[in-house]
Amino acid sequence: MGRQQGFDTSAVVRAARAVFWEHGYEGASVPALERATGVGRSSLYHAFGSKRGLFDAAVTSYLDEVVRPRLRPLSEAAVAPTALAGYLTGLRDALAAAPRTPGCLLLNTATSSLGGDDAVASTVGAYRAELGSALAAGVGAARPDLGPAAARHLTDTLTGLVLAAFALARTDPTAAAGCLDTALVAASAPR
């Protein structure tokens, strides 16, 4: 009979996610993960297989608990005309709320040594596609005046500005907010 797990897996993954988000995969030492989660190395390895297994669980948690709830208003069957502005404003406010934010866990990982890993590249590519699809739905609802080519162009512009904001959030929050302000202006209907 195997031993029973004596901890809440979701809480452990969230605690580990915070460490990975702040320090990156390489910078997140196993002792730091043990301290943050309150779970010993052998129990972590038993539950997740390896540090990488715990990291992969943290990325899944990040997508499910951080990214997708924010994108939800842009992913519903009927997207409100205000959903796009709400997403951009909410993201700007979230990035501006803390004096120093860790940015985006996925983009941070993509620019680390793990960026060349096939599984990481696939996850980041899928995230970018999901973001683009959600923003396209928002553009369609907010800007019905645009033709298909102009809507695609605006979607690509907004996607790039959101990703730039995430990339800058860690080192230059003012510039990150500026990217989102530019996105809000670009997304608004002509007056």
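Let's start with Arg17, which touches Ala58, Ser61, Tyr62, Glu65, Val66 and Leu105, leaving aside residues up to four places away in sequence. Arg17 sits in helix α1, which covers residues 9-27. At 11% relative accessibility Arg17 counts as buried, because the cut-off for buried is under 20%. Keep in mind that you're looking at a predicted model.

**The overall picture**

- The protein chain has nine helices and zero strands.
- Read along the sequence, that gives the pattern α-α-α-α-α-α-α-α-α.
- Along its principal axes, the C-alpha trace of the protein chain spans about 65 × 35 × 30 Å.
- The protein chain has 191 residues, and 40% of them count as buried.
- Take the contacts in the protein chain between residues at least 6 apart in sequence: 67% of these join residues at least 24 apart.

**The nonpolar core**

- In soluble globular proteins, nonpolar side chains tend to be buried together.
- Here, the largest nonpolar core holds 58 residues.
- Within this core, the residues that touch the most other members are Phe20, Leu74, Tyr87, Tyr127, Val162 and Phe166.
- Helix α4 supplies the largest share of this core, with 10 residues.

**The largest pocket**

- Rolling a probe the size of a water molecule over the atoms shows where empty space is left.
- The largest pocket has a volume of about 200 Å³.
- It is lined by 14 residues, and those closest to its centre are Tyr62, Val66, Arg70, Leu91 and Phe166.
- Two helices, α4 (51-75) and α5 (83-97), each supply at least two residues of the pocket lining.
- Helix α4 gives the most to this lining, with five residues.
- Sorted by class, the lining of the largest pocket has 11 nonpolar residues, two polar ones and one charged one.

**The cavity**

- How many cavities of 30 Å³ or more are there? The count comes to one.
- The largest cavity has a volume of about 40 Å³.
- Its lining is made up of Val30, Leu33, Leu44, Tyr45, Ser50, Lys51 and Leu54.
- Helices α2 (30-37), α3 (41-48) and α4 are the elements that give two or more residues to this lining.
- By class, the lining of the largest cavity has five nonpolar residues, one polar and one charged.

**Thr159, inside a helix**

- Thr159 lies in helix α8.
- Is Thr159 buried or exposed? Thr159 has a relative accessible area of 0%, so it counts as buried.
- Leaving out residues up to four places away in sequence, Thr159 touches Arg128, Leu131, Gly132 and Leu135.
- Thr159 and Val59 are 100 residues apart along the chain, and their C-alpha atoms are separated by 20 Å.

**Two loop residues**

- Arg143 lies in the loop between α7 (118-142) and α8 (148-169).
- The side chains of Arg143 and Asp145 are joined by a polar contact of 3.0 Å.
- A polar atom of the Arg143 side chain also lies 3.1 Å from the backbone oxygen of Ser188.
- Now for Gly38, which lies in the loop between α2 and α3.
- Gly38 has 67% relative accessibility, and because the cut-off for exposed is over 50%, Gly38 counts as exposed.
- Gly38 and Leu106 are 68 residues apart along the chain, with their C-alpha atoms separated by 25 Å.

Notes. Residues are numbered from 1 along each chain as its sequence is written. This is a predicted model: local features need pLDDT of at least 70, side-chain atom pairs count only at pLDDT 80 or more; totals for chains, interfaces and linings use all residues. Side-chain values use heavy atoms; hydrogens and water are left out. On a 1 Å grid over the protein atoms alone, a cavity is a set of points where a 1.4 Å probe fits but cannot get out, and a pocket is an open set with protein on both sides within 12 Å along at least five of seven lines; lining residues have an atom within 4 Å of a point. Grid points are joined across faces, edges and corners, and a volume is the space filled by probe spheres set on the points. Helices (H or I, at least four residues) and strands (E, at least two) are DSSP runs, numbered from the N terminus. Ala, Val, Leu, Ile, Met, Phe, Trp, Tyr, Cys and Pro count as nonpolar, Asp, Glu, Lys and Arg as charged, and the others, Gly among them, as polar. A nonpolar core is a set of buried Ala, Val, Leu, Ile, Met, Phe, Trp, Tyr and Cys residues joined through side-chain atoms within 4.5 Å. Buried means under 20% relative accessible area, exposed over 50%, partly exposed in between (1.4 Å probe, protein chains only). A polar contact is a pair of N or O atoms within 3.5 Å; within protein, one must be able to donate a hydrogen and the other to accept it, and residues adjacent in sequence count only if both atoms are side-chain atoms. Contact means heavy atoms within 4.5 Å.
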